[in-house]
Amino acid sequence: MKATAGRARRPLPAWSRNRGRNRGRKWGRPKPADASAGFVTGMFSIPEGMAYASIAGFNPVAGLFAGVVPTIAGSLTGRTVLMVTTLTSAIALTSQSVLKDAGLDPADAGNVAALAVLTGVVMLLLGLLRLGSVLSFVSNAVMVGFATGIALQIITGVLKDATGYTPQGHNKLRQLGDWIWHIGDWQPTATLVAAGTVAVWAAARAFRRLKPVALLIAMVVVSVAAELADADVERVADIAAIPSALPHVTAPDWGAMPHLLGGAVSVALVALAQAASIAPTVPNPDGSKSSVDADFTSQGLANAVGGFFQSLPVGGSLSRTGVAVDAGARTRWAGVFSGISLALVVVLFGGLAERIPMPVIGGLILVVGGELVWGKRGDILLVLRTSWLSSAAMAATFAATTQLPLQQAIILGAVLSLLLYCAQAARQARLIGLTRDADGFWTAGRPPERITGDSVTVLAYDGVSLFAEMPRIDADWPEASGERNVVVLVLRMVPDVPSSQMLKLLRRRADDLGAHGGRLILAGVEPGLAEVLRSTGTGRHLGIVPAGARLFGSLEEAVALANAWQAGPRD
């Protein structure tokens, strides 16, 4: 027997043992439920994709094809495995606004392809640079206002299709009011078809098993009824022909890209902001973690590839993802099957899709827009009950979304979010006075108004070092009087890179204490902050006690240092 025969076998490292398992988990094995869920989602993409493209003034075929190649690419590469990447109403409207603002024709396939590819490049860069955190700077109040404004855009965008009357007005609120005021000008047949679509949808939703496909049922039933009755209404064929073929390669208009660069950033931000809410809502069934940055990259690839195959810009769709989950999706293959199913339906039954009445699509989108508004009622009430600043930001974003181009509205919303953050941070920042009680424990209270006699005053800074906080901190700082006063300032929560305004305040307060024969000592200073204090020369004006593992260890050390300094020889 060889000498090594009885030697204990060394276990493989964890990364090696799990390598094959993780590789399998990355793709997963398709389940039977994925195929059925993919079919339902693909069918749902017919009315929704066409309608979203139509309300934004695009060829409805581009809305269809947005659910083929981009959906397959996004499902294969995404880290949120059940997320369905396709066209959404906000993306369609923002894309239309960007092209209009650039003076480009949205009906030109080359312009659409250029915008989709550019949007994909922006998303890829954001993902590769790990800038997923940028979305955290858009507040919930702003997103609620934006989403509600988008819902109103959706509703007003199909009023003509649903009733045959084109509302007038320079903004969406005026258009809605004009539409209601001119109810007598609505076309009876179109209105009846749209109302029937809403009624069938509501009836289908009454049955739990039919709820995920209620829109599809309403589209099929009312379209067949309108065809049998030979209803005199506008149909999809009157707008665009649906080719019974797979999407073909379309070259972007490279000359249009310089005019679309800024707009592509806006479209990317709108799409990514919508998709960021999917991962927390729909966790991965296998327990693996999602990644915002990886999902950015996935959606970027979907756009970059889809732009060459007749697709509008796309992003993660909460509604389409919800349909897939409700229909039983278990792995990423549900999204893949959705794209394949949609492609097969277009190839085999494209001619039938051309017979869909536009009032049917109008009725379906009225339902979608109404559900979006109704679904936001809880968020709206939450923002209204939070603070007047949040309410003002929500209202301002809603107003901007209904009256300005969407790319301008999202930028305004981001600016409002930052201003809201600054205002809230400045209001919450404070100085806390720390005193030792009879048992030797530190208790928190208001800082003293004045430092008198030979004393050690202990303060704690509660803030994030934002420049807007400094006036309040400066106002709360106790006035120095007497000799050899020492202030110990706890800075444990201050970031590695403080604002220059804070450094100026520390230097000024240290000089003020020094003028009275006193000293400022900082406690709990993290290494990064200590390096900034050293490199800027601020550290020469004060004492520094580094942060330690023990929570109040640096405070005790700083107080001991202050007491020793006071007891030392006087100059």
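At what angle do the axes of helix α3 and helix α17 cross, and within what distance do they come? In this predicted model, local features need pLDDT of at least 70 and side-chain atom pairs count only at pLDDT 80 or more, whereas totals for chains, interfaces and linings use all residues. Residues are numbered from 1 along each chain as its sequence is written, and side-chain values use heavy atoms, with hydrogens and water left out.

The axes of α3 (residues 32-55) and α17 (residues 333-353) cross at roughly 50° and come within 7 Å; axes are lines fitted to C-alpha atoms, for helices over the stretch in contact, and angles run from 0 to 180 degrees between N-to-C directions. Helices (H or I, at least four residues) and strands (E, at least two) are DSSP runs numbered from the N terminus. The angle therefore makes α3 oblique to α17 (under 35 degrees is roughly parallel, over 145 roughly antiparallel, 65 to 115 roughly perpendicular and the rest oblique). Contact, defined as heavy atoms within 4.5 Å, involves residues including F39, M43 and I46 of α3 and W333, F337 and L342 of α17.

An open sheet of mixed pairing comprises six strands in the order β4-β3-β6-β8-β9-β10, where pairing requires at least two DSSP bridges between two strands. The edge strands, β4 (442-445) and β10 (543-546), each pair on one side only. From one strand to the next, the twist averages 30°. Strands β6 (residues 456-462) and β8 (residues 486-490) run parallel and are joined by five bridges, with A460 opposite V490 in β8. Helix α24 (residues 527-535) packs on the sheet, touching β9 (519-525) and β10, and its direction makes about 145° with that of β9.
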